[in-house]
Amino acid sequence: MCMIIAVVNQKGGVSKTTLALNLGAAIAAQGKRVLLIDADPQQTAQDWAAVRSSPPPFQVIGLTKPVLHRDLPAMAADYDAVIIDGAPRNYEVARSAIAAADFVLIPVQPSGADFWASRETVNLVKDAHSFKETQKSAFVVSRKIGRTVLGREITDALAEFALPVLKAGTTQRIVFAEAMTAGTTVIEHEPKGAAADEIRAILAEIEEMSR
Ligand SMILES: Nc1ncnc2c1ncn2[C@@H]1O[C@H](COP(=O)(O)OP(=O)(O)OP(=O)(O)O)[C@@H](O)[C@H]1O
Ligand SMILES: [Mg+2]
């Protein structure tokens, strides 16, 4: 059965594309067939695919209209996993991506402001949960700096939202930005590196929650 993962947050620049591409590569590295839907009119994932020197380890298709929930089930039949790279500031597309998803992953940077800005996304997820009972969702903290514990304001924000937060997350690491700019992923570029370990740990938690 195909699993559809939507990486969404209405807030811009929180690592949606970085996580979508790297999770896609990590799933593909398990020998699975992956489709990545670039739902962002900025086409970052498609640009990434275009600057590569070799074909990406998964297919990348642009689909920026709010028809994901309608069209993805049929497209997904040929794949083991579909990852949607969500668009910032687009309510209709975010709602469609969330409605299509089995798992909604909400990246946030470790600041209170980022969590508050995720409120609209969280509301969409809670709406979707009410009619899609098996759907799972979680925050993933991206670009953590060092070993800092999450601040008080974030802990408070999390309590208010009442959604799970993955134990795994990503740290601020230049290799994530370098890999993306070069049209690759940390999984391909440095499979034994700490960044690749972070991505695989996030994937393992998603798989565990989806059992
Ligand atoms: N863990 C990380 N360490 C260092 N840089 C990172 C990390 N995660 C993301 N970045 C960088 O931060 C920038 C924003 O990341 P990304 O494009 O993934 O965010 P996004 O949520 O997809 O943005 P948008 O809302 O514009 O689509 C990029 O330049 C990316 O390389
Ligand atoms: Mg993006």
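The structure holds 1 cavity of 30 Å³ or more. A cavity here is found on a 1 Å grid over the protein atoms alone, as a set of points where a 1.4 Å probe fits but cannot get out. The largest cavity contains about 40 Å³ of space, where a volume is the space filled by probe spheres set on the points, joined across faces, edges and corners.

Some housekeeping. This is a predicted model, in which local features need pLDDT of at least 70 and side-chain atom pairs count only at pLDDT 80 or more, while totals for chains, interfaces and linings use all residues. Residues are numbered from 1 along each chain as its sequence is written, chains are lettered from A and ligands numbered from 1 in the order in which they are written, and side-chain values use heavy atoms, with hydrogens and water left out.

Back to the cavity. Lining residues have an atom within 4 Å of a point, and for the largest cavity they include Thr18, Leu21, Trp48, Phe176 and Met180. H1 and H8 each give two or more residues to that lining; helices are DSSP runs (H or I, at least four residues), numbered from the N terminus. By type, the lining has 5 nonpolar residues, 4 polar and no charged. Asp, Glu, Lys and Arg count as charged; Ala, Val, Leu, Ile, Met, Phe, Trp, Tyr, Cys and Pro as nonpolar; the others, Gly among them, as polar.

Next, the largest pocket. A pocket is an open set of points with protein on both sides within 12 Å along at least five of seven lines. The volume of the largest pocket is about 410 Å³. It is lined by 23 residues, and Gly13, Ser15, Thr18, Arg143 and Met180 are the closest to its centre. The lining splits into 7 nonpolar, 11 polar and 5 charged residues.

What takes up the space of the largest pocket? Ligand 1 does, by the rule that more than half of a molecule's atoms lie within 2 Å of the grid points. Around ligand 1 there are 18 residues, each with a heavy atom within 4 Å.

Last, polar contacts, meaning pairs of N or O atoms within 3.5 Å. An oxygen atom of ligand 1 is 3.0 Å from a polar backbone atom of Val14. For side chains, Gln42 has a polar atom 3.2 Å from a ligand 1 oxygen, and an N or O atom of Asp40 is 3.4 Å from one.

Methods:
A polar contact is a pair of N or O atoms within 3.5 Å; within protein, one must be able to donate a hydrogen and the other to accept it, and residues adjacent in sequence count only if both atoms are side-chain atoms.
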